[in-house]
Amino acid sequence: MGGGGHGLATAYYLAKNHGISNVAILEKGWIGGGNTGRNTTAVRSNYFYPESVALYEFSLQLYERLSKELNYNIMLSQRGGLNVAHSEMDMEIAARLVNAMQINGIDAELFDRRQVLKVVPLLNTGPNARYPVFGGVWQGRAGICRHDAVAWGYARAASHLGVDIIQNCEVLDFIIEGGACRGVSTSRGEIRSDRVAMAVAGHSSMLSAKAGFSLPIQSYSLQAMVSEPVKPVLDTALLSIGTGTYANQSDKGEIVFGGGLDRIPSYAQRGNPPAHDHTISGLIEMFPAFGQLKILRQWAGIVDVTPDSSPIIGPSPIPGLYLDCGWGTGGFKAIPAGGWLLAHLMATGSHHEISKPFDLDRFTTGRLIDEAAGSGIAH
Amino acid sequence: MHLICCPFCGNRDETEFRFAVEAGKRRGSVSSSPDEWAKYLYFQNNVKGDTREVWMHLTCGELFILSRNSVTHSIHGSEPVRKAAEA
């Protein structure tokens with residue numbers, strides 16, 4: 001269930017890694033039309049906990065060879081990711097994060113003010129800057145890639161391997177027999193399978209309710225915006241620790257930017273003005289020159305946020321039904337890993353060692369992987 | 001501007017409020033199992049549509065029950081937590 005990046009990647013890896021090509025992807029709308037096509041396309045692996053780093057670094061490594069593997073140019077640009085620090089305290093946090101990343105074997109560097117301004121000369125250095133530049137966290141292998149191409153590339157490759165991609169097909173209910181999931185009923189008829197998975201960001205709780213269980217998920221709107229195209233001015237994927245705003249420049253020249261979640265739990269794919277204003281004011285504070293830019297589009301996606309801001313990969317309480325959900329604001333960068341690990345789980349019936357810590361059981365055992373506190377991500 | 005109705009202060013801007021938890025959860029006891037604690041602490045119904053939730057009005061510090069729609073954001077009403085508990 002779900003023809004987004006995670007669902008398409010899962011189908012592709014089921015066919016490629018496990019030789020299972022009798023796979024149907026059921027998509028309510030069109031492929032890549034949900035959060036896969038709504039994010040700001042950043043890929044990176046600068047997380048805090050070893051479990052998270054193993055997951056996101058695996059994903060980044062898969063991204064690095066994805067264009068070649070799928071024979072589809074995903075336009076991966078490893079232009080470097082920079083988290084800008086704006087105070088002594090931010091620098092403490094930055095140093096802690098860099099140390100954690102280096103211990104985990106990730107290419108992280110602690111930049112001072114001079115290094116940051118060399119990479120992003122347009123940052124506000126005025127005497128009245130509300131968020132002065134102190135330094136930052138640099139990951140050279142981070143970057144951006146074309147989000148639609150990731151969906152289309154996986155879809156084409158999966159289709160070539162025999163996977164059926166069925167669009168305009170909404171899952172209405174589960175077929176549960178003897179306490180186990182035996183298939184789904186859809187708007188286009190019944191499909192029976194002993195192995196069903198859901199990768200449906202923004203609708204995880206609604207589907208799980210149909211199967212009769214709840215999830216540790218709250219859904220929020222996450223907004224993003226894009227400006228008119230301009231000449232090259234920003235060649236990194238930038239995040240401000242102070243304002244929570246992140247921005248990059250697309251190949252067309254548009255400034256693509258976003259910020260933190262709307263604080264109101266929501267299924268409205270539009271976003272509210274306060275979060276919108278906060279994000280824009282953060283951007284303009286960092287880049288006064290961007291005050292002249294016109295915004296072309298603004299939109300929101302619904303993100304499924306877990307209490308520890310880490311995803312859920314694993315079996316559901318219903319045998320035969322598997323979960324890949326709760327990626328919060330960071331699902332795009334994890335598409336290859338999410339697909340690979342869910343395929344492993346569905347094909348073998350047991351966890352890959354990377355996905356094991358992200359099982360649903362962590363909320364009962366208390367072994368949370370609290371990245372919201374660990375890496376200060378904008379969840 | 002999105003207005004939310006505090007039962008004590010009336011209509012105020014959304015930025016003055018904070019979502020706490022969905023309404024109707026009951027705290028366990030020392031004899032509760034880890035599963036029951038996990039359900040209480042972390043699991044949500046996360047309803048799409050009409051919801052009943054506990055919110056806090058940050059400026060007056062009061063918790064209250066808010067009935068609203070999570071898709072349209074329309075507000076249907078609010079009441080003090082104590083009143084809801086007594087009902």
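Let's start where the chains meet: 20 residues of chain A are in contact with 17 residues of chain B, where contact puts the C-beta atoms, placed from the backbone, within 7 Å. By class, chain A's side of that meeting has 12 nonpolar, seven polar and one charged residues. Here Ala, Val, Leu, Ile, Met, Phe, Trp, Tyr, Cys and Pro count as nonpolar, Asp, Glu, Lys and Arg as charged, and the others, Gly among them, as polar.

A quick word on the model: it is predicted, so local features need pLDDT of at least 70 and side-chain atom pairs pLDDT 80 or more, while totals for chains, interfaces and linings use all residues. Residues are numbered from 1 along each chain as its sequence is written, and chains are lettered from A and ligands numbered from 1 in the order in which they are written.

Now look inside chain A, at domain 1 (5-74 + 146-217 + 307-374) and domain 2 (81-140 + 221-305), with bounds from an automatic or database domain assignment. Their centres, taken over C-alpha atoms, are 27 Å apart. Across the boundary, 24 residues of domain 1 of chain A touch 24 of domain 2 of chain A. On the domain 1 side, eight are nonpolar, 13 polar and three charged.

Finally, how do two helices pack? In α9(A), residues A:Pro336, A:Ala337 and A:Trp340 meet A:Leu55, A:Phe58, A:Ser59, A:Leu62 and A:Tyr63 from α2(A); helices are DSSP runs of H or I, at least four residues, numbered from the N terminus. Seven of these contact residues are nonpolar, one is polar and none is charged.
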